Amino acid sequence: MSNAQTRVLRGPLLSFINDPGEGDSPAEGSVLHLEDGALWLEDGRIRAVGDYQELAPQLPADIEVVDYSGKLILPGFIDSHVHYAQLDIMASYGRQLLDWLNDYTFPEECRFAERAHAEEVAGAFLTEMLRAGTTSAQVFCTSHPNSVEAFFGASQKRGLRMLAGKVLMDRHAPEALTDTAEGGITDSERLIADWHGKGRLGYSLTPRFAPTSTPAQLDATGGILRNAPDLHLQTHLSENKGEIAWVAELFPECRDYLAVYERFGLVGPRSTFAHGIHLDQEMRNRLAAAGANIAFCPTSNLFLGSGLFDRQACRDAGLNTTLASDVGGGTDLSGLATLKAAYQVGQLLDQPMTAWQGFYRLTLGNARALHLDQHIGSLRPGAEADIVVLDPAATPLLARRTARTQSLAETLFALMILGDDRTVYATWAGGECLHRGDAIA
């Protein structure tokens, strides 16, 4: 794939400069919106952004102009927590978390010992992500190094910015999936050496969750993180009440679930904790002080009956939150579906998410919390050219609704409630169009 081509994308453009806040209108100076915008792409990056009529005199006479009039150009969506190896168990009869792991997740992940299977699923997963407008994600692989190599290889081939890691799990799982404290760390260190910082790839240390790692494994993971602060860490926290009770039995010396991770040095500014549903405010304050973030996974939380995430309590604590699909417990890879569910969860807690806040979280908000905003998350000069183009008339029903909207806020809200993968007209990554309609280049 060559990024040498120079071209301009023309059409309505939306990007965030800062957090728009929780109000019905975005905070002043937080939004860039151009009705006839232009993105000048060069060598995989955005060279210039502006009103098309103002930028046109600077453009080479023979430059290709891709016309997206009537569409909406945004930064590519970012998913902060997803399991690529669970793609094929989506929509399996729900039950709750621990049943889900034993009945579906663990048997499915055993299949990833085969490199060919891992490669096939990694390719299918990335195809689906691009079809949904997602250009970057933080991804759980499985405990097999094969699964990580297959995922990173497929991502590199497409030129994507991705975070991923091998699951560390040395107890309370099938023998075919468990590693050892020493072996899991050895595998991780080799994978870090091979893939971290290679192209647009980054490594996330990935203990599945406290119950499936011994203290020795968690301690060794913390040791790697302390010595390499540019690595990320991803795991799960306080998703399910049965899980929390199990952690209390396994780690009686720790005052709460979060304290287990704190004990081993796993709570820091590049740490993502999926779910965080059953936290008290003191725990949220501790997470905020460490600079960590909670991945809010609304479709998964509803599907598995885990509970309702209190987004406002996190905001009150100054705790970063990101939006995530959590497939396969999650029911959709689409960021728009995640926004719809996040809004519905918020309604039940009397804290509805505005469209401004939702699209900010899917783009710049997620990028900031993952420390990737120097690369992605906004449409600005120098940023990597990861872009999604949405069609407000993609389906007959959506077209009927958006024909009546009177403002950008109304159109965005309609997109997040009625939109789906059909709404994604095109997906660009690294300056190349990788998805048009149903075709993947």
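A word on the model. It is predicted, so local features need pLDDT of at least 70, side-chain atom pairs count only at pLDDT 80 or more, and totals for chains, interfaces and linings use all residues. Residues are numbered from 1 along each chain as its sequence is written, and side-chain values use heavy atoms, with hydrogens and water left out.

Start with Gln 351. Where is Gln 351 found? In the loop between helix H12 (335-348) and helix H13 (355-369). Helices here are DSSP runs of H or I, at least four residues; strands are runs of E, at least two; both are numbered from the N terminus. Is Gln 351 buried or exposed? Buried, because its relative accessibility is 10%. The cut-offs: buried is under 20% relative accessible area, exposed is over 50%, and partly exposed lies in between, with a 1.4 Å probe and protein chains only.

Now its side chain. It reaches the backbone nitrogen of Arg 311 at 2.9 Å. The side chain of Gln 351 also reaches the backbone nitrogen of Gln 312, at 2.9 Å. Leave aside neighbours within four places in sequence, and Gln 351 is in contact with Phe 309, Asp 310, Arg 311, Gln 312 and Gly 346. Contact means heavy atoms within 4.5 Å.

Next, the backbone. Most residues other than glycine have a negative phi, and most peptide bonds are trans. Asp 350 has a positive phi, near 60 degrees. Asp 350 sits in the loop between H12 and H13. At 70% relative accessibility, Asp 350 counts as exposed.

Ser 238 also has a positive phi, about 50 degrees, and is not a glycine. Its place is the loop between strand S11 (232-237) and helix H7 (241-250). Ser 238 counts as buried, because its relative accessibility is 1%.

Then the peptide bond. Val 327 and Gly 328 are joined by a cis peptide bond, with omega about 5 degrees. Gly 328 lies in the loop between strand S14 (320-323) and H12.

Last, the cysteines. Take Cys 110. Its closest cysteine sulfur is in Cys 141, 16 Å away, so that is too far for a bond. Cys 110 is partly exposed, with a relative accessible area of 27%. Cys 141, at 0% relative accessibility, counts as buried.

Terms used:
A polar contact is a pair of N or O atoms within 3.5 Å; within protein, one must be able to donate a hydrogen and the other to accept it, and residues adjacent in sequence count only if both atoms are side-chain atoms. A disulfide is a pair of cysteine sulfur atoms within 2.5 Å.
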